[in-house]
Amino acid sequence: MNPPCIFTNSKLTNPSPDRVTLYTIDSTPLFFQPIDGPPVPHLRLIHAYPTAIPTIQIDRGAIRFVLSGATLMAPGLTSPGGRLPDAEHALEAGQIVGVKAEGKEEICMVGMLKVGTEEIKSKGKGVVIDEGHYLGDGLWRMHLD
């Protein structure tokens, strides 16, 4: 096995972050790190280990927006088809989560919560994740071979 490689590249994803560091082993992406944030697992790593991070679920109507890079908003999680953990397993702002889509098996997005899940439930509106790595974005399409 080769030692881990670190690639720094600008504009790997669209929209922001404008700059990320990508951590890999043997051309397999493991984590990316926005210039001003913590390391976040790459979707390929999450697909290999789907229970490694907590998940939330968006409804069918939010899928096309998430997969086009839009900001994840609370109504996609609080409407029928969306799912948030119960109060006993509440997630806090700043926590990295996987986003599942109603009716789909694999996680379609990973990002950091801007607000906790209890606040999402109580307010029912507002930004939940404003920057994330999603299926089909620049990090997903990047070939390291």
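Reader: How many helices and strands are there in the chain?
Author: The model is predicted. Its chain holds both kinds of element. The count is five helices and 10 strands.

Reader: What percentage of the residues of the chain count as buried?
Author: Buried means under 20% relative accessible area. The chain has 145 residues. Of these, the buried part is 39%.

Reader: How much space lies in the largest pocket?
Author: Rolling a probe the size of a water molecule over the atoms shows where empty space is left. For the largest pocket, that space is about 240 Å³.

Reader: Which residues are closest to the centre of the largest pocket?
Author: The lining of this pocket has 15 residues. By class, eight are nonpolar, three polar and four charged. Closest to the centre are Pro34, Asp36, Met112, Asp130 and Glu131.

Reader: Which element gives the largest share of the lining of the largest pocket?
Author: Two elements give two or more residues each: strand S3 (28–34) and strand S8 (107–112). The largest share is three residues. That share comes from S8.

Reader: Why does proline 75 count as partly exposed, rather than buried or exposed?
Author: Proline 75 sits in helix H3 (residues 75–78). Partly exposed covers the range between buried, under 20%, and exposed, over 50%. Proline 75 counts as partly exposed because its relative accessibility is 41%.

Reader: What distance separates the C-alpha atoms of proline 75 and lysine 125?
Author: Along the chain, the two residues are 50 residues apart. Yet proline 75 touches Lys125, as well as Asp59 and Gly124. The C-alpha atoms of proline 75 and lysine 125 are separated by 5.9 Å.

How values were computed
Residues numbered from 1 in each chain as written. Predicted model: local features only at pLDDT ≥ 70, side-chain atom pairs only at ≥ 80, totals over all residues. Heavy atoms only, no water. Helix = DSSP H or I, 4+ residues; strand = E, 2+ residues; numbered from the N terminus. Buried < 20%, exposed > 50% of the residue type's maximum accessible area, 1.4 Å probe, protein only. 1 Å grid on protein atoms, 1.4 Å probe; cavity = no way out; pocket = protein on both sides within 12 Å on 5 of 7 lines; lining within 4 Å. Points joined across faces, edges and corners; volume = space filled by probe spheres on them. Nonpolar A, V, L, I, M, F, W, Y, C, P; charged D, E, K, R; others polar. Contact = heavy atoms within 4.5 Å. Lists of a residue's contacts leave out its neighbours within four places in sequence.
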